[in-house]
2 protein chains.
Amino acid sequence: MKTECIGDYVKLKGKVYPCTISLAMDLIGGKWKAVILYHLKDAEKRYSELRKEVPNVTEMTLSLQLKQLEKDGLVLRKVHGKKPPIKVVYSLTDFGKTFIPVLETITSWGNQIVLEKGEFVNNSTCLNEI
Amino acid sequence: MKTECIGDYVKLKGKVYPCTISLAMDLIGGKWKAVILYHLKDAEKRYSELRKEVPNVTEMTLSLQLKQLEKDGLVLRKVHGKKPPIKVVYSLTDFGKTFIPVLETITSWGNQIVLEKGEFVNNSTCLNEI
DNA sequence: CGGTATCCCCCAAGATACTG
DNA sequence: CAGTATCTTGGGGGATACCG
């Protein structure tokens, strides 16, 4: 598995990036995208479920980020029903699923940081095992 | 290693995050941080080297991002000499080095994307394609 | 239920010029 | 050499209200 950036620059869907790291950060960077993908990694979710699970995100921002993820081919949007109440389900595309290893690496790194230098907080039950 | 976000929220250096993914994205998100870390992963670099290697970054932005990375404990700044010309060398801290696996996962993912859907460009060999 | 429509603010990031 | 000092701008993200 190559872990060096290839080429002098790269192109994807008309956009130009100086290296593959830039490209990746453009696709999944920002405050919410990685978090949203994280919540979709094991199961598809309805819009309202995401709104509850993704902490503190506003409806508008969630909607906007989902649209960008859909446009970039990471997330699939499926509509069930025609008249309200409609049901909209989001899931990872095959392409989106290729991102899961990255997500898991980031998660375990983040966990490690907090274990060593930070603090976990649990509102409901205590956490004995990590 | 655990690849699920732990706890209801986490704290690090006084900041509060809803999950470890958010924390990680705050530390290494943005347009330049991951790219800078990438260029430091194998060797320490002088400021001027980074400016040349990190594509299209302005002096000011590079300086700012390095300061933030230093403040977050990912990067070490070492000054050699007192009067101009000074020599300033940046390197990864031990903490910064723990991020290398993430960086490599992101890189190989980015490479994979471009291999499948995008386009690598090499100035030396493909100058006429630009 | 699953979003839009507005309005607004902040700050990341760029451009340009200058300095210890 | 390795940065600051200003000024400017774009857009990410938030608050609130409304809609098919």
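The structure is a predicted model, in which local features need pLDDT of at least 70 and side-chain atom pairs count only at pLDDT 80 or more, while totals for chains, interfaces and linings use all residues. Residues are numbered from 1 along each chain as its sequence is written, chains are lettered from A and ligands numbered from 1 in the order in which they are written, and side-chain values use heavy atoms, with hydrogens and water left out.

Chain A has six helices and six strands. These are DSSP runs numbered from the N terminus, with helices being H or I of at least four residues and strands being E of at least two. Along the sequence of chain A the elements follow the pattern β-β-α-α-β-α-α-β-β-α-α-β. The C-alpha trace of this chain spans about 50 × 45 × 25 Å along its principal axes.

Within chain A, three strands make an open antiparallel sheet in the order β3-β5-β4. Strands β3 (45-46) and β4 (75-80) of chain A each have a single partner strand and stand at the edges, so one side of each is left without a neighbour in the sheet. Helix α2(A) packs on this sheet and touches β3, β4 and β5 of chain A, its direction making about 95° with that of β5(A). Contact means heavy atoms within 4.5 Å, and the angle, on a scale from 0 to 180 degrees, is taken between N-to-C directions of axes, which are lines fitted to C-alpha atoms, for helices over the stretch in contact.

Two strands count as paired if DSSP finds at least two bridges between them. Two bridges join β3(A) to β5 (residues 87-92) of chain A, and Lys45(A) has Tyr90(A) as its bridge partner in β5(A). Strands β4(A) and β5(A) pair over six bridges, again in the antiparallel sense. Here the partner of Leu76(A) is Ser91(A). The hairpin of β4(A) and β5(A) has six residues between the strands, and in it Gly81(A) takes a positive phi near 95°.

A further sheet crosses from one chain to the other. Its three strands run in the order β6(A)-β1(B)-β2(B), with antiparallel pairing, and the sheet is open. At its edges are β6 of chain A and β2 (15-17) of chain B, each with a single partner strand, so one side of each is left without a neighbour in the sheet. Neighbouring strands of this sheet are turned by 25° against each other on average, direction ignored. Strands pair through backbone hydrogen bonds. Three bridges link β6(A) to β1 (residues 9-12) of chain B, and Glu119(A) has Lys11(B) as its bridge partner.

The interface as a whole takes 58 residues from chain A and 57 residues from chain B. About 5400 Å² is buried between the two chains, with carbon and sulfur atoms giving 69%; buried area is the accessible area (1.4 Å probe) that two parts lose on being put together, summed over both.

Two salt bridges are found across this interface, a salt bridge being a side-chain nitrogen of Lys or Arg within 4 Å of a carboxyl oxygen of Asp or Glu. Glu4(B) meets Lys41(A) at 3.1 Å, N to O. Glu4(A) forms a salt bridge with Lys41(B), with the closest N and O atoms 3.2 Å apart. Glu4(A) lies in the segment before β1 of chain A and Lys41(B) in the loop between α2 (33-40) and β3 (45-46) of chain B, so the pair joins two chains.

Cys5(B) is in the segment before β1 of chain B. Among the residues it touches, not counting those up to four places away in sequence, are Tyr38(A), Thr107(A) and Asn111(A), together with Ile21(B). The C-alpha atoms of Cys5(B) and Ile21(B) are separated by 7.2 Å, with the residues 16 apart along the chain.
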